[in-house]
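Me: Please go through this structure with me, one point at a time. I would like the cut-offs stated along with the values.

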Amino acid sequence: MSISTREKRLYNHILGALATAGMGDALGAATEQWHHTEIFAKFGGPLRSFQEPPPDTWSGAESNKLGQVTDDASQMYYLAHKLIECNGSLTREDWVACLLQWADESPHVGNMGPTTRLVVEALREGKDPNLVGCIGTSNRQPASHGATNGAAMRVAPAGLVHPGNLDAACDTAITTCIPSHNTQIAISSACAIAAGVSHAVEQSADVFSVVQACLYGARRGEELAHDHGRIVPGPSILVRSELAVTLALRAKSLPEAITLIEDNIGNSVDACQSVPAAIGLFVFSKGDPLESIVGGTNIGNDTDTIAAIAGALAGALNGVDALPQSMYKTFCAANADDEFDIEELARGLTSVAIRSEGGVS
């Protein structure tokens with residue numbers, strides 16, 4: 001494959017990941033915190049098209065335009081920009097600066113996640129984020145702090161700049177986990193998605209091999225957490241992801257897949273629920289970009305995040321050309337005046353990826 005052809009293909013798949021993740025975020029914004037039975041009743045079946053978020057939405061997106069992203073994809077785009085700026089060599093200082101810039105500038109900070117909010121406040125005040133949540137004179141953070149899905153929802157660019165290099169993707173992913181999501185649960189979840197996306201852009205990738213990459217990343221994330229994070233009680237991302245895939249393969253319909261995954265895995269803001277759920281829905285949808293984000297949108301609870309994560313995997317695997325183009329145009333128009341041009345971001349990430357080791361074969 002010539003360099004020019006290789007770069008063109010890689011750009012198509014990087015843009016696919018950024019676009020499908022953003023579209024999943026926007027699609028799921030209208031159903032966040034609902035139960036799947038409410039969603040099906042409201043829309044006469046699964047929601048498959050952009051809707052303006054209702055006034056009582058929990059996503060902080062009640063004033064969003066049709067197809068506009070929330071804080072989930074917004075953080076992902078800021079990370080993408082920072083990775084371009086530092087040519088893929090992200091340091092802890094780079095990430096902290098990026099996170100604070102997002103918190104200061106983005107119009108989508110209205111409902112940043114519970115872990116991210118507390119850490120941003122600590123960083124702004126010059127406090128040690130590793131003491132957030134500690135009680136009295138204790139320096140032991142509660143187990144629940146840092147185990148949510150914020151790191152996984154924004155991590156896709158860490159995989160996109162390291163195509164085919166799962167270890168490098170995980171190394172970048174853990175940088176984005178510190179200081180806000182420093183538990184083995186969050187680190188494993190972020191590495192799972194970064195590794196999955198890293199492999200998904202390879203020409204040889206298919207749904208099964210993407211899942212294998214996600215499982216590798218989940219395992220690698222647990223290992224990295226022992227050296228760089230903290231170990232807290234809670235379910236294994238690896239084990240739950242394997243279970244989610246098994247449940248997805250059993251399901252004969254979307255309602256059945258949703259019910260099986262919600263009943264056995266969960267769909268909350270906890271990384272041990274929403275990230276395996278997203279992987280399971282990606283599998284049930286056979287990697288199809290639209291069907292993956294439809295699954296995340298209709299499972300209920302943290303729908304925008306689950307749809308965004310499933311969308312990142314599916315978009316990276318299939319590329320932007322596999323998206324419904326009218327829906328993609330609506331998405332681009334809704335976010336045209338927002339923080340970043342995703343096509344420009346995709347070009348920048350592609351340039352970084354081409355220069356990185358372990359490029360697409």
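This is a predicted model: local features need pLDDT of at least 70, side-chain atom pairs count only at pLDDT 80 or more; totals for chains, interfaces and linings use all residues.

Me: What percentage of the residues in the chain is buried?
Reply: Buried means under 20% relative accessible area, exposed over 50%, and partly exposed in between, with a 1.4 Å probe and protein chains only. For the 361 residues in the chain, the buried part comes to 62%.

Me: What share of the contacts with a separation of 6 or more comes from residues 24 or more positions apart?
Reply: A contact means heavy atoms within 4.5 Å. Among contacts in the chain with a separation of 6 or more, residues 24 or more positions apart account for 76%.

Me: Which residues does Ile342 touch, not counting those up to four places away in sequence?
Reply: Ile342 is found in helix H17 and is buried, with a relative accessible area of 8%. Its C-alpha is 7.1 Å from that of Leu15, although Ile342 and Leu15 are 327 residues apart in sequence. Leaving out residues up to four places away, Ile342 touches Leu15, Leu18, Ala19, Tyr77, Tyr328 and Phe331.

Me: How many aromatic pairs are there, and is the pair of Trp34 and Phe43 stacked or edge-to-face?
Reply: Rings of Phe, Tyr and Trp (its six-membered ring) pair if their centres lie within 6.5 Å; planes under 30 degrees apart count as stacked, over 60 as edge-to-face and the rest as tilted. The count by this rule is 2 aromatic pairs. Trp34 and Phe43 lie 6.3 Å apart centre to centre, with 15 degrees between the planes, and are stacked.

Me: Where in the chain are Tyr78 and Phe340?
Reply: Tyr78 and Phe340 form an edge-to-face pair, 5.0 Å centre to centre with 80 degrees between the planes. Both Tyr78 and Phe340 are buried. The pair links parts of the chain 262 residues apart: Tyr78 is in helix H3 (residues 71-85), and Phe340 is in the loop between helix H16 (325-334) and helix H17 (342-355).

Me: Which element gives the largest share of the lining of the second largest cavity?
Reply: On a 1 Å grid over the protein atoms alone, a cavity is a set of points where a 1.4 Å probe fits but cannot get out, and lining residues have an atom within 4 Å of a point. The second largest cavity has a volume of about 30 Å³, volume being the space filled by probe spheres set on the points, which are joined across faces, edges and corners. Helix H6 (150-154) and helix H15 (303-318) each give two or more residues to its lining. The largest share, 3 residues, comes from H15.

Conventions
Residues are numbered from 1 along each chain as its sequence is written. Side-chain values use heavy atoms; hydrogens and water are left out. On a 1 Å grid over the protein atoms alone, a cavity is a set of points where a 1.4 Å probe fits but cannot get out, and a pocket is an open set with protein on both sides within 12 Å along at least five of seven lines; lining residues have an atom within 4 Å of a point. Helices (H or I, at least four residues) and strands (E, at least two) are DSSP runs, numbered from the N terminus.
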